[in-house]
Amino acid sequence: HETKSTTGKSYTCMLTPQKMNIIHIRAEGYEDHWVSMSLKAGEFRRESIRLTPRKVPHYFTSTQPEKVEIYKDGKLLGTTPFTAMFDYGERPNLVYRANGFHDQKKVFERVTLEPIMHKITMMADSGGLFITTRPEGATVYLDEIKQEGSTPWRREGLKQGVCQGRVEKPGFLTQSLAIQVIEGEVAARTMELEKEGGVINV
């Protein structure tokens, strides 16, 4: 049961002939490996051994949004929260993906033996709105939520898609609006408010 240590890629050892020798191979970050070998006197044998990397857990959670899909090499690993197992020494390239948010890429320098917790916050695909009215001073509602300020009114950081809402001003008829929010752009809309009683204010 002699113990030998080597840091190289190859190692030469002397074995007892005409006997079953058990060789135990151990390396940091890899599963232990055993080799059984019986040699004749004077026989030399070369063995090539591929060690199996140890699996290291990585825990993934997300705060925005709650469910984020994680892809590795184009294949879905799982949806947060979940645990992925990576090989020691591996350099995985991951993509975080969720509807309405920008894809995020994560490149590992090298997987170590230490388990890691990953907290993901995605950046929303967003655009903006700029609403003016004639006359000014109208209140804007989006998805039934009253917005701060009055027209001329501007807001950015809105999720892309069709934005439903309305504008209200005392003495004028309420007007609904539906505007397409486009990522990276500010959609502008000017609305002519009609006085109660049917008179158009210009």
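Predicted model: local features only at pLDDT ≥ 70, side-chain atom pairs only at ≥ 80, totals over all residues.

Tyr30 is partly exposed, with a relative accessible area of 26%.

**Aromatic pair Tyr30 and Tyr88**
- The ring centres of Tyr30 and Tyr88 are 5.7 Å apart and the ring planes stand at 80 degrees, so this pair is edge-to-face; planes over 60 degrees apart fall in that class.
- Tyr30 belongs to the loop between strand E1 (20–25) and strand E2 (33–38), and Tyr88 to the loop between strand E6 (82–87) and strand E7 (93–97); the pair therefore ties together parts that are 58 residues apart in sequence.
- Tyr88 counts as buried, at 13% relative accessibility, whereas Tyr30 is partly exposed.

**Aromatic pair Phe60 and Phe82**
- The rings of Phe60 and Phe82 are stacked, because their centres are 5.5 Å apart and their planes lie at 15 degrees, and planes under 30 degrees apart count as stacked.
- Phe60 lies in strand E3 (residues 55–64) and Phe82 in strand E6, so this pair ties together parts that are 22 residues apart in sequence.
- Phe60 is buried, with a relative accessible area of 1%, and Phe82 is buried as well, with a value of 15%.
- Phe60 and Phe82 also belong to one aromatic cluster together with Phe86, Tyr96 and Phe108.

**Arginine over aromatic rings**
- Arg97 is positioned over the face of Tyr71, at 4.8 Å from the ring centre.
- The charged end of Arg166 sits over the ring of Tyr141, 4.0 Å from the centre of that ring.

**Nonpolar cores**
- The largest nonpolar core has 16 residues, and the members that touch the most other members are Leu129, Ile131, Leu142, Val167 and Leu177.
- At least two residues of this core come from each of strand E10 (126–134), strand E11 (139–142), strand E13 (153–159), strand E14 (161–168), strand E15 (175–181) and strand E16 (186–192).
- Strand E15 gives the most to this core, with three residues.
- Leaving aside residues up to four places away in sequence, the contacts of Leu129 include Leu142, Trp153, Leu158, Cys163, Ile179, Val181, Val186 and Ala187; Arg154 and Arg155 are also among them.
- A second, separate core comprises 15 residues, including Val56, Tyr96, Ile120 and Met122.

Definitions and conventions
Residues numbered from 1 in each chain as written. Heavy atoms only, no water. Phe/Tyr/Trp six-rings, centres within 6.5 Å; stacked < 30°, edge-to-face > 60°. Helix = DSSP H or I, 4+ residues; strand = E, 2+ residues; numbered from the N terminus. Buried < 20%, exposed > 50% of the residue type's maximum accessible area, 1.4 Å probe, protein only. Lys NZ or Arg CZ within 6 Å of the ring centre and 35° of its normal. Core = buried A, V, L, I, M, F, W, Y, C linked by side-chain atoms within 4.5 Å. Contact = heavy atoms within 4.5 Å.
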